[in-house]
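Here are my comments on the model you asked me to look over. Please read them with the structure open beside you.

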Amino acid sequence: MPLPKPTRGIGSLAMTELWERFSFYGLQGILAFYLLYTLQEGGLGLGAAAAASIVGAYGGAVYLAQIFGAWMGDRVLAPKRLVFWGGVVITLGHLALAFIPGAAGLGLGLGLIVVGTGALKTNITSIVGFLLDSNQSKRDAGFSYFYMAINIGAVAGPLATGIAQSMVGFHLGFGLAAVGMMAALIQYAVGMRNLPEQASIVRNPLLRSKAWVPLLVVAVLAGVIIMAWSTRILNSGNMANATTLVIVGASVAYLAIMLSSKVVTPVEKTRLRGFIPLFIVSALYFGFLFQNFTTIAIIITERVDLHLGSWEFPAAWVTTMGPLAAVLATPLLAKSWSRKGNRQPNAAAKISFGMIQIGLGYVFLLIVSMLSGESIPLILMLVFMVIVGVSEVLVGPIGLSLATRIAPSMYKSQLVALIFFALAAGSSLSGLLGQIYAAMNHEAYLGMIAVIAIVLGLALRAFTQKINAAIGAGL
């Protein structure tokens, strides 16, 4: 189905994002199992709590790095260039995972992917915002199709790396992720000429006399991390905790900077204040969703019977069912929103529905667990993944669309980065939740998540009109 008012460049960016997400989720789909599986099975043999902490911290750091990439896109290098060079660094990270064994390859590879994704993600999303006009209904539909490309990559990546891992080993899976990223670079290089002029502009260039500032920040940050790791203040067991604290602190600081800035108008500040509750709820939502890579990975490893006769269903394939469901649901919802125009639910209502739905998904898994005992049937686990996956269409693309629509003129890329802070908080929270799950009763944990999600969704629904009035101020 074509995008509303097709715009040159959107298709190329969507395909670039598809391949980048193929590599990202191809790695993400097998990473937890790489950490959990024994040495004899080709993994690193870590405990459940440590594996959840590392995966959560890695995911959080990926999104946390995007605030620096967004700042670079606004102050140092044009978004179009940052997307390309970010892709190069990501490719090197996947190659390190594929060819360097053990903890050394893991650390170097994940570190490079964090840095590269920080440069790429917010800037490619900002470019999409440049290409779509200001009509909200068309923006939501357009971003939904862009998000569909993300989810196609999220499906195809784990399918490819999952079967490679099950047939040959983890490092072949990591190599396929590198191939996906190379395809993203080729696609982007071919389509760069169709990008709008805004993508080549540094909106608020940094003075040459201040060029040392970003270099100093990077050097200090790297030094602090190395010192904390060498002294064991930071370790595999508390990485998710530390990342969560950094993300929460950075989010509060960043919102405070924008709300106090003299270059942000009073109307823009009203929109930002209306955006805050949606940011908080979205962060919690993604914490529940990203358990696919922490808590749910542990449940799959410990409780799900993956055997279909004599064939074993690849563990990584289970987590692809959510993104696949989102891909199939996206055209239906996008078409519905385009048809309804101004009569469609507002952004706050859509996000509240998504939170309620993910809560109902955990209610379903709780009932299944209570009826099935220690061995959950594969088909019912797949149904759970579908319920949870469809809910993402009501949250992810809506937040991206909203951020590009209400962003202060001097903070265009950086408000998009704040949306990725919600993803960062969610990813690191999923690591904390995985640690809690490892120390808690299975059914009690599922019930806790279900209740929290449904109550939050209902609370947000009660305040949708007030929030919508604030974020729509002056538009």
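Predicted model: local features only at pLDDT ≥ 70, side-chain atom pairs only at ≥ 80, totals over all residues.

1. Residues are numbered from 1 along each chain as its sequence is written, and side-chain values use heavy atoms, with hydrogens and water left out.

2. The axes of helix α1 (residues 10–36) and helix α6 (residues 170–191) come within 8 Å and cross at roughly 165°, so α1 is roughly antiparallel to α6 (a term for angles over 145 degrees). By class, the contact between α1 and α6 has 16 nonpolar, eight polar and one charged residues.

3. E20, which lies in helix α1, is buried, with a relative accessible area of 1% (buried means under 20%, with a 1.4 Å probe and protein chains only). The side chain of E20 makes a polar contact with the side chain of R21 at 2.6 Å (a polar contact is a pair of N or O atoms within 3.5 Å, one able to donate a hydrogen and the other to accept it). Leaving aside residues up to four places away in sequence, E20 touches I90, T117, L120, K121, M181 and A184 (contact means heavy atoms within 4.5 Å).

4. Helix α10 (residues 295–303) is largely enclosed by the rest of the structure, because seven of its nine residues are buried. The buried residues of α10 are T295, I296, A297, I298, I299, I300 and R303.

How values were computed
Axes fitted to C-alpha atoms, helices over the stretch in contact; angles between N-to-C directions. Helix = DSSP H or I, 4+ residues; strand = E, 2+ residues; numbered from the N terminus. Parallel < 35°, antiparallel > 145°, perpendicular 65-115°, else oblique. Nonpolar A, V, L, I, M, F, W, Y, C, P; charged D, E, K, R; others polar. Buried < 20%, exposed > 50% of the residue type's maximum accessible area, 1.4 Å probe, protein only.
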